[in-house]
Amino acid sequence: MGGGRRHLEAAPGSSRDSGVYTWEEVQRHRSRNDQWIVIERKVYNVTEWVKKHPGGYRVITHYAGEDATDAFVAFHPDPGFVRKFLKPLLIGELAPSEPSQDHQKNAMVLQGFRALREQVEKKGLFRADATFFCLHLGHILLLEMLSLLVLWTWGTGWIPSLMCAVLLSTSQAQAGWLQHDFGHLSVFKTSYWNHLLHKFVVGHIKGASACWWNHLHFQHHAKPNIFGKDPDVNTQHVFVVGNTQPVEYGIKKLKYLPYNHQHQYFFLIGPPLIIPVIFNLQVVRTMLSQRLWVDLAWWTSFYMRFFYCYVPFYGVWGSVLLLTCVRFLESHWFVWVTQMNHIPMNIDHEAHQDWLTMQLSATCNVEQSPFNDWFSGHLNFQIEHHLFPTMPRHNYQRAAPMVRALCEKHGIPYQVKSLWHAFADIVGSLRKSGDLWLDAYLHK
């Protein structure tokens, strides 16, 4: 290596030499077949480990050659347990002359955020309220039972069928927020029970795949709104988003669709199709291609239960139509809630920002109210959720004032909107991006 490495004694239980490295040396190891990361100034060679990582290899790959301390702490509710897996990967540490932060990140912001995390931990904001989650699961199951009761009592006419579809859509949307809780390991103290209940809710209640969700969603949290790293902004050329991508497309004269009208065709292919078409195809393809047989079994159990319950009322094709309607309604709910916090925010290429600045540039909050909390699964507190993804959602409101105070101290914008303003900003941001594309396409 370069002159920044000095050999130390081998770490206990390790057959390889430990070394001292500069940031320049660490940053050389960020290719697909050579990946180092830094956690709390320790340097780890994770090249082989990424293939075994439960959260998927990409979430680690996104931090290759970087300091991953805050991401590591954010995603693991029990870092001490996970460090046992890191120990064999340890190859050295940063040189004493090297700063703890990379890429000229603001040391004061980093220290402030880490102090804030210690503060919320001491206040017990990472402890889940079992009653809250039991009641939430109970109301999901109650909605499903009510949908059957409606058909049993009033038959399968248009009005009872519509009532049934609305009840099932509400149940599915709320189950989506609950699987999100389990997926983020924010309910139980041990990962085992979170993973088990996650598979039950996302597989048996919703008919999706836990592994598919994990591998996509953790990337989103690791690098939100960053092209090439956040799959949520990979629009497959259907939309152009942010301020940078539209201009790049325009200069290159790329016109897969008339992007200056994307704020209009969004209503036709965004909310209606994400869950019924795109997600369903992705789930099936992922389970089969990656041989996720456990997830496939849970997914199958959802469809067996659904058709067992509704075929007696509607027959096979009628039940398929009912499920399609439910997915259609749920998809609108899901898209508007999940995009209101992100699409209007900064979307760009990697800028190597610190954890606090990166998350705040990509997220915003929606005003708190009992309805907004329930309707969005507490994702109206998207800022707090992104900063502390393993925090139980019923504690976001308590953490919010402390987060806001830290942002004000360091001059980092902390945005809060009304629900309708947030919805309108989705369309407004798509229109703005489309106009940027058209201007670059015609004049640059």
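Q: Why is Arg28 called partly exposed in this predicted model?
A: Its relative accessibility is 46%. Buried means under 20% and exposed over 50%, with partly exposed in between, so at 46% Arg28 counts as partly exposed.

Q: What makes Arg28 and Glu24 a salt bridge?
A: The closest N and O atoms of the two are 3.7 Å apart. The cut-off is within 4 Å, so the pair qualifies.

Q: Why is Glu93 called partly exposed?
A: Glu93 comes in at 29% relative accessibility.

Q: What makes E5 and E6 paired strands?
A: Three bridges join them, and they run antiparallel. Pairing takes at least two bridges, so they pass. Val43 stands opposite Gly92 in E6.

Q: How do you know that E2 pairs with E6?
A: Again by the bridge count: there are three, in the parallel sense, where at least two are needed. Val20 stands opposite Glu93 in E6.

Q: Why is strand E4 called largely enclosed?
A: Five of its six residues (34-39) are buried, so the rest of the structure largely encloses E4. Each buried residue has under 20% relative accessible area.

Q: What makes E3 and E4 a pair?
A: Two bridges, running antiparallel. The rule asks for at least two, so E3 and E4 meet it. A hairpin of two residues joins these strands, and Ser31 has Asp34 as its bridge partner in E4.

Q: What makes Arg305 and Glu144 a salt bridge?
A: Their side chains meet at 2.7 Å, N to O, and the requirement is within 4 Å. Arg305 lies in helix H13 and Glu144 in helix H6, so the pair ties together parts 161 residues apart in sequence.

Q: Which of the labels buried or exposed goes to Glu144?
A: Buried: the relative accessible area of Glu144 is 13%, and the cut-off is under 20%. Arg305, at 23% relative accessibility, counts as partly exposed.

Notes. Residues are numbered from 1 along each chain as its sequence is written. This is a predicted model: local features need pLDDT of at least 70, side-chain atom pairs count only at pLDDT 80 or more; totals for chains, interfaces and linings use all residues. Side-chain values use heavy atoms; hydrogens and water are left out. Helices (H or I, at least four residues) and strands (E, at least two) are DSSP runs, numbered from the N terminus. Buried means under 20% relative accessible area, exposed over 50%, partly exposed in between (1.4 Å probe, protein chains only).
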